[in-house]
Amino acid sequence: MKQWKPSRSTESRITNNNEIVRFMFEEMHKQRIHECDMSERVGFHRDTMRKWRTQHQPRICDLEACLDFLGYKLKVVKKGYGETYE
């Protein structure tokens, strides 16, 4: 497992405006999980996750796998009503 550097900042490094992708990278930072460790455990190439941070949008099934590893579940919620659909 890669050594964690506490001086790392997520704000300036995440240029993807998707709020779910932003949340995922911020949560990885909070849990001190590196992109290379996460990609290896979930089954992606590390460059794929790096591109999510800056250029590309991940597929929903890929996001679900990453969030599941972090201990979260992706849900669909109707705007303004708070009803959930799984």
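Leucine 63 is placed in helix H4 of this predicted model. With a relative accessible area of 5%, leucine 63 falls under the 20% limit and is therefore buried. Leaving out residues up to four places away in sequence, leucine 63 touches Ile20, Val21, Met24 and Pro58. The C-alpha atoms of leucine 63 and methionine 24 are separated by 8.4 Å, although the two residues are 39 residues apart along the chain.

**Helices H1 and H4**

Leucine 63 is one of the residues through which H4 meets H1. How do the two helices lie relative to each other? Their axes come within 11 Å and cross at roughly 30°. Angles under 35 degrees count as roughly parallel, so H1 and H4 are roughly parallel to each other. The crossing of H1 and H4 is left-handed. On the H1 side the contact is made by Ile20, Val21, Phe23, Met24, Glu27 and Met28, and on the H4 side by Leu63, Cys66, Leu67 and Leu70. In an α-helix there are 3.6 residues a turn, so residues three or four places apart point the same way.

**The nonpolar core**

The largest nonpolar core has 14 residues. Those with the most contacts inside it are Met24, Phe25, Met28, Met38, Met49, Trp52 and Cys66. At least two residues of this core come from each of H1, H3 and H4.

Methionine 38 belongs to helix H2 (residues 35-42), where Glu35, Cys36, Asp37, Met38 and Ser39 are buried. The buried residues of H2 pack against helix H1 (19-30), helix H3 (46-54) and H4. Setting aside neighbours within four places in sequence, methionine 38 is in contact with Met28, Ile33, Met49, Cys66, Phe69 and Leu70.

**Either side of H2**

Arginine 32 sits in the loop between H1 and H2. The phi of arginine 32 is near 55°, a positive value in a residue other than glycine. Most residues other than glycine have a negative phi. Just after H2, glycine 43 also has a positive phi, of about 110°.

**Aromatic pairs**

How many aromatic pairs does the model contain? The count comes to 2, and the table gives their geometry.

| Pair | Centre to centre | Angle between planes | Arrangement |
|---|---|---|---|
| Phenylalanine 23 and tyrosine 72 | 5.0 Å | 90° | edge-to-face |
| Phenylalanine 44 and tryptophan 52 | 5.2 Å | 70° | edge-to-face |

Phenylalanine 23 lies in helix H1 and tyrosine 72 in the loop between H4 and strand E1 (76-77), so this pair ties together parts that are 49 residues apart in sequence. Phenylalanine 23 has a relative accessible area of 32% and is partly exposed. Tyrosine 72, at 36% relative accessibility, also counts as partly exposed.

**Aspartate 62**

Aspartate 62 is found in helix H4 (residues 60-70). At 11% relative accessibility, aspartate 62 counts as buried.

How values were computed. Residues are numbered from 1 along each chain as its sequence is written. This is a predicted model: local features need pLDDT of at least 70, side-chain atom pairs count only at pLDDT 80 or more; totals for chains, interfaces and linings use all residues. Side-chain values use heavy atoms; hydrogens and water are left out. Helices (H or I, at least four residues) and strands (E, at least two) are DSSP runs, numbered from the N terminus. Buried means under 20% relative accessible area, exposed over 50%, partly exposed in between (1.4 Å probe, protein chains only). Contact means heavy atoms within 4.5 Å. Rings of Phe, Tyr and Trp (its six-membered ring) pair if their centres lie within 6.5 Å; planes under 30 degrees apart count as stacked, over 60 as edge-to-face and the rest as tilted. A nonpolar core is a set of buried Ala, Val, Leu, Ile, Met, Phe, Trp, Tyr and Cys residues joined through side-chain atoms within 4.5 Å. Axes are lines fitted to C-alpha atoms, for helices over the stretch in contact, and angles run from 0 to 180 degrees between N-to-C directions. Angles under 35 degrees count as roughly parallel, over 145 as roughly antiparallel, 65 to 115 as roughly perpendicular and the rest as oblique. A crossing is left-handed if the near helix is turned anticlockwise from the far one by less than a right angle, and right-handed if clockwise.
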